[in-house]
2 protein chains.
Amino acid sequence: MSDGHYFEDFQVGQRIETRGATLTEAAIVDFGLQFDPQPFHIDTAAAADSPYGGLIASGFHTAALCFRLFIDQGLLASCSLGSPGIEKLRWLAPVRPGDTLRCTTEVAEARRSESTPTRGLVTLDYSAHNQHGDTVLTMRIVHLLGCRPADN
Amino acid sequence: MSDGHYFEDFQVGQRIETRGATLTEAAIVDFGLQFDPQPFHIDTAAAADSPYGGLIASGFHTAALCFRLFIDQGLLASCSLGSPGIEKLRWLAPVRPGDTLRCTTEVAEARRSESTPTRGLVTLDYSAHNQHGDTVLTMRIVHLLGCRPADN
């Protein structure tokens, strides 16, 4: 993407839809073993006896996957300078083996930095949905983005 | 942990310190390739030319690692029923290959569920620190926990 996508290209209200990705049992257990080894993330027998009635994905996993789906759209490739943080993250419904997630990202705010006018802050509202149309996760992330270079 | 740790055992103001874990370059790049393939997470040459001056860990990686360090303390093993979400997450300083993170977790709030008195909500403030004592991440997570069974 030689001409790229920069701060100026994010318009409040713009919505970006991603492709889908299916969370396999293997991926759920592998992530759980590495970062979130609670029984309902790593042990199918214990998970069946839990309030969830079966294995569910770690919320850190679904959040990271949702971000990955958005990253794959390429809109941050030329301009991302990192992020100060996540405003609010909600895990709204369990994500189970075989579920396919897609992510919708909406531009909530966009403002140029006053101290460094070659940069801007863009607030994105992410929501992840499963194959039934249920929203499983929402999160608001502030992104620090570069502005379009003068020669571009 | 046959007698376990339950909702009643979390006291507001209580602080839990974890052991440390070192983030290797391999771990940073592997996580980046899987979930957050931005140049400063996966490409040492591009990262050197980025504002960070070198490779840094994905914030999703450091958040998940911080939680893993807390999980390893065992306090959620008997009682965790999941979480509705993260209130606020801040990435305060870059985490670089070779950095060792430790996590401090403080009990901010604890209240029994009114609708389901066998459960409670405990709010934990997590902060991760590197080997220099810099705070690299803070996050507030609400946990849904089981209360101590009557026969325990």
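Residues are classed as buried under 20% relative accessible area, exposed over 50% and partly exposed in between (1.4 Å probe, protein chains only). The structure is a predicted model, in which local features need pLDDT of at least 70 and side-chain atom pairs count only at pLDDT 80 or more, while totals for chains, interfaces and linings use all residues. Residues are numbered from 1 along each chain as its sequence is written, chains are lettered from A and ligands numbered from 1 in the order in which they are written, and side-chain values use heavy atoms, with hydrogens and water left out.

Under this classification, A:Asp72 is partly exposed, with a relative accessible area of 29%. A:Asp72 takes part in a salt bridge (a side-chain nitrogen of Lys or Arg within 4 Å of a carboxyl oxygen of Asp or Glu) with A:Arg19, the closest N and O atoms being 2.6 Å apart. The two residues are 53 residues apart and link distant parts of the chain, A:Asp72 being in the loop between helix H4 (59–71) and strand E2 (85–91) of chain A and A:Arg19 in strand E1 (residues 15–22). Helices (H or I, at least four residues) and strands (E, at least two) are DSSP runs, numbered from the N terminus. A:Asp72 also forms a salt bridge with A:Arg68, with closest N and O atoms 2.8 Å apart; A:Arg68 is partly exposed at 22% relative accessibility.

Another salt bridge in chain A joins A:Arg140 and A:Glu109, whose closest N and O atoms are 3.9 Å apart. Because A:Arg140 lies in strand E5 (residues 135–146) and A:Glu109 in strand E3 (residues 100–112) of chain A, the pair ties together parts that are 31 residues apart in sequence. Both count as partly exposed, A:Arg140 at 27% and A:Glu109 at 41% relative accessibility. A network of salt bridges links A:Arg15, A:Glu17 and A:Glu106. Over all chains, the count comes to 18 salt bridges.

Between the chains, 33 residues of chain B are in contact (heavy atoms within 4.5 Å) with 33 residues of chain A. The buried area, defined as the accessible area (1.4 Å probe) that two parts lose on being put together, summed over both, is about 2,900 Å², of which carbon and sulfur atoms give 62%. In chain B, B:Phe35, B:Phe60 and B:Trp91 lose the most area to chain A, together 23% of what that side buries. Two salt bridges are counted between the chains; A:Glu87 and B:Arg90 meet in a salt bridge at 2.8 Å, N to O. Helix H1 (25–35), H4, strand E2 (85–91) and strand E5 (135–146) of chain B each supply at least two residues of the side that touches chain A, and the largest share, eight residues, comes from H4(B).

Twelve of the 13 residues are buried, so H4(B) is largely enclosed by the rest of the structure. Among the buried residues are B:Phe60, B:Phe67 and B:Ile71. A:Gln38 is buried at 7% relative accessibility.
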